[in-house]
Amino acid sequence: MMSLIIILGVVLILGILYMIFRVGNLVSIAKGGVVDEKSSTANKVNAALFIVFMVGSLGLFFWYSFSHFHEYTLPVASVHGKHTDNLFWITMWVTVIAFVIISIVMFVFIYQYQYKEGRKAKYFPDNHYLELAWTIIPAIVLAVLIFTGLRAWNDITSPASKDAEVIELVAQQFAWTARYPGVKDKELGKVSYKLIDNFGNEFGLDLSDKHSFDDFKSLELHFPVDQEILLKIRAKDVLHSVFLPHFRVKMDAVPGMPTQFKFKATKTTQEMRDELGNPNFNYELACTEICGRGHFSMKMPVVVESQEAYEAWKAKQETWLKQNPGYLEKVPAALKEAAMIQAGMQKDPGATVAEVKQ
């Protein structure tokens, strides 16, 4: 390894010395020096090499992009995902076309206007029509791209329908936690960051709100297929980012500023396994905001299933209050009985709070 480093160092030094020599020649020419035959020949060779480089690099760029397309694109599994993918590829084609045109013009100009004895550069101060063209045309193209993207953004962040399944995602170093509304009231209870503690109330559940009694916690994200999902997102410590690649969902989780994302999954986990021919495939939620040393491990399994399977899974989950019976003391006295019933803690109508906690 040391020998390789020494060889590379020697080659680099020789390259630098050669470039210094070439710069010296160019400076002398710029000052009115005579161009010798060797410099003229080298100039023609370099101009030709620019054209070779242009053709080779553009050819390699397009070959790799098309031949490896399947390796860097993921199947779409959401309704809005197809629309956002279309917007992405339209933007990509616009930028690629601009890139190719600029590259060709730049390298052809280098070749076309290489140094020739007796030829001087023409002074060309400005051209109003040319400047208007390269200002107005890009402005119109960018405005169209921005406004179509803004319309898609407004759609996925707009209020969800009344039938939407509302799920809360809470981010913290270095894990995701999901909160689901119970099967009885199907509505998430209120939360407050002031109520978060280190003893179990990681969501900051407000136990004075009756809708919180049957909420439950999950370390696995479940979605029903073909039903609108509203993800309510918040963070407890630093900036995180929700990323569900197959659903084209990406939204920052910001401390003190709740965010949300609305979408509809179109393929169950099993359907995606069949499509990819991979029986071990699973959807995944990942954090795409560097949030600390454990960022790499901040993942969460995702399951997309039929409505029937989803409802059956929800019915099996134990409520948060039942898992943390000590918090029953924080429920207002007038709501304690309702809380025990909603949370599935009361085995018989005559059970007391003390008996439930035991």
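Predicted model: local features only at pLDDT ≥ 70, side-chain atom pairs only at ≥ 80, totals over all residues.

Me: How many aromatic pairs does the structure hold?

Reply: The structure holds 23 aromatic pairs.

Me: Why is the pair of Tyr180 and Trp313 called edge-to-face?

Reply: The ring centres of Tyr180 and Trp313 lie 5.1 Å apart, and their planes stand at 75 degrees. Ring centres within 6.5 Å make a pair, and planes over 60 degrees apart make it edge-to-face. So the pair of Tyr180 and Trp313 is edge-to-face.

Me: What makes this pair a tie between parts apart in sequence?

Reply: Tyr180 belongs to strand S2 (residues 175-180), while Trp313 belongs to helix H7 (residues 307-316). Those parts are 133 residues apart in sequence, so the pair ties them together.

Me: Why is the pair of Phe216 and Trp313 called edge-to-face?

Reply: Their ring centres are 5.7 Å apart, and their planes are at 70 degrees. The cut-offs are within 6.5 Å for a pair and over 60 degrees for edge-to-face. Therefore the pair of Phe216 and Trp313 is edge-to-face. Phe216 sits in strand S3 (residues 216-218) and Trp313 in helix H7, so this pair ties together parts 97 residues apart in sequence.

Me: Are Phe216 and Trp313 buried or exposed?

Reply: Buried means under 20% relative accessible area. Phe216 has 3%, so Phe216 is buried. Trp313 has 13%, so Trp313 is buried.

Me: How do you know that Cys287 and Cys291 are too far apart for a bond?

Reply: The sulfur of Cys287 has its closest cysteine sulfur in Cys291, at 4.0 Å. A disulfide needs sulfur atoms within 2.5 Å. So the two sulfurs are too far apart for a bond. By this rule the count is 0 disulfides.

Me: Are Cys287 and Cys291 buried or exposed?

Reply: The cut-off for buried is under 20%. Cys287 has a relative accessible area of 7%, so Cys287 is buried. Cys291 has 5%, so Cys291 counts as buried.

Me: What makes S4 and S7 edge strands?

Reply: The open sheet of 5 strands has the order S4-S10-S9-S6-S7, with mixed pairing. Strand S4 (221-224) and strand S7 (249-253) each pair on one side only.

Me: How many bridges join S4 to S10?

Reply: 4 bridges join them, and S4 and S10 run parallel. Two strands pair if there are at least two bridges between them. So S4 and S10, with 4 bridges, pair. His222 stands opposite Val303 in S10.

Definitions and conventions: Residues numbered from 1 in each chain as written. Heavy atoms only, no water. Phe/Tyr/Trp six-rings, centres within 6.5 Å; stacked < 30°, edge-to-face > 60°. Helix = DSSP H or I, 4+ residues; strand = E, 2+ residues; numbered from the N terminus. Buried < 20%, exposed > 50% of the residue type's maximum accessible area, 1.4 Å probe, protein only.
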